[in-house]
Amino acid sequence: LATATSLARELNKTEVTALKRKSFVVIKDYANRATMNGLRTDALSLKRKVAVVDGGEAQNSGRVCQHTWLHNNFGASCFVPTGYEEEDEAEAAAAAAGHPALRLYLDSLMSTLECQLSSVSLFSGEEFESDLADCQSLESELAYLYYESGGFYHQHFDTPGHRIFREDDDDCGNRRAFSFILFLNNDWDTADGGQLVLSQQISADEQRRRSSEEADGRGTWIEDDGVTSVEPESGTLVVFRSEAVPHEVLETKRARQAVVGWIHGSIDSYYNGAFDDAELEEEQEE
């Protein structure tokens, strides 16, 4: 197994450029097999020993999958051993399940992406190049994701279509800025299904509409031939703009595991900049 000192590597220049241009990047063999095998064992161990959260079991829910949360944006840091005296018995027991040292690798992956993606614009399009994500590390989310045979997730965006505010700070708006998926499945065959299908990024205008305060949460569902199908093969990392890329998971014919995460970004600069400028231009034209 990989050791607790193993760290996730940074995205290289070519990978970051692809993310900026297409709003997504697919990186094969991102992590070594030993690390992937250890994470898969850890994910299955936690699934057996720790409660999972249903992602929807009914066909009309649009998804059939389950999560074990490792970190969420409500302050729960789950199952990564801290060694703190105040750690309660339940947290300690959960941390002891599986291979907790390997979760430090996931922590380094999340931290690496937070650092690198802070210098990438939150939205695609030239008009947003100066509106950097300014990633909010305390808001990041991380989970193991499970699909049993027959599981699926219909096409969707990873953002709700509106800003998220903390109750104690109305001036701080944030939302999921970037999504990432690290697949954990060995010897995957195309016939096994479960492919992640990424549609082309939506237009800058549509991103602007979806992220407005009055947005209804619905977006443009893409039906075209310009899709990218990704096999959920162990070691493949996918990173994409949460706001810009509609995606789906096809029905899987065998159990499928992955690490999933969401990096939150501040959108205050977007609201204070892009919208105000657009309104000013309209007033000047009148």
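In this predicted model, strand S4 (residues 66-71) runs antiparallel to strand S5, and five bridges join the two. Within this pairing, Gln66 stands opposite Tyr146 of S5. Strand S5 also pairs with strand S13 (residues 256-266), again in the antiparallel sense, over seven bridges. Here Glu141 stands opposite Trp262 in S13. Trp262 has a further neighbour: Arg176 lies over the face of its ring, at 4.0 Å from the ring centre.

How many of the seven residues of strand S5 are buried? Seven of the seven residues, 141-147, are buried, so the strand is largely enclosed by the rest of the structure. In a regular strand, side chains alternate between the two faces of the sheet. Both faces of S5 are covered: Glu141, Ala143, Leu145 and Tyr147 are buried on one side, and Leu142, Tyr144 and Tyr146 are buried on the other.

In soluble globular proteins, nonpolar side chains tend to be buried together. The largest nonpolar core in this model has 36 residues, of which Tyr30, Leu39, Leu117, Tyr144 and Leu182 touch the most other members. Several elements each supply at least two residues of this core, including helix H1 (13-22), helix H2 (33-49), strand S8 (169-183), S5 and S13. The largest share, seven residues, comes from helix H4. Leu39 illustrates the packing: leaving aside residues up to four places away in sequence, Leu39 touches Leu102, Tyr105, Leu106, Tyr144, Leu182 and Leu184. A second, separate core has 19 residues, among them Tyr153, Val230, Ala244 and Val260.

Another group of strands forms an open sheet. Its five strands follow the order S3-S6-S12-S9-S10, with antiparallel pairing. Strand S3 (63-64) and strand S10 (228-230) stand at the edges with a single partner strand each, so one side of each is left without a neighbour in the sheet. Strand S10 is joined to strand S9 (residues 196-198) by three bridges, and Ser229 in S10 is the bridge partner of Val197.

The mean pLDDT of the protein is 75, and 62% of its residues reach 70 or more. Over residues 1-5 the pLDDT is below 50, and this stretch has nine contacts in the model beyond near neighbours in sequence. Residues 81-87 also stay under 50, with six contacts beyond four places in sequence.

Note on methods. Residues numbered from 1 in each chain as written. Predicted model: local features only at pLDDT ≥ 70, side-chain atom pairs only at ≥ 80, totals over all residues. Heavy atoms only, no water. Buried < 20%, exposed > 50% of the residue type's maximum accessible area, 1.4 Å probe, protein only. Helix = DSSP H or I, 4+ residues; strand = E, 2+ residues; numbered from the N terminus. Pairing = 2+ DSSP bridges. pLDDT = per-residue confidence, 0-100. Contact = heavy atoms within 4.5 Å. Lys NZ or Arg CZ within 6 Å of the ring centre and 35° of its normal. Core = buried A, V, L, I, M, F, W, Y, C linked by side-chain atoms within 4.5 Å.
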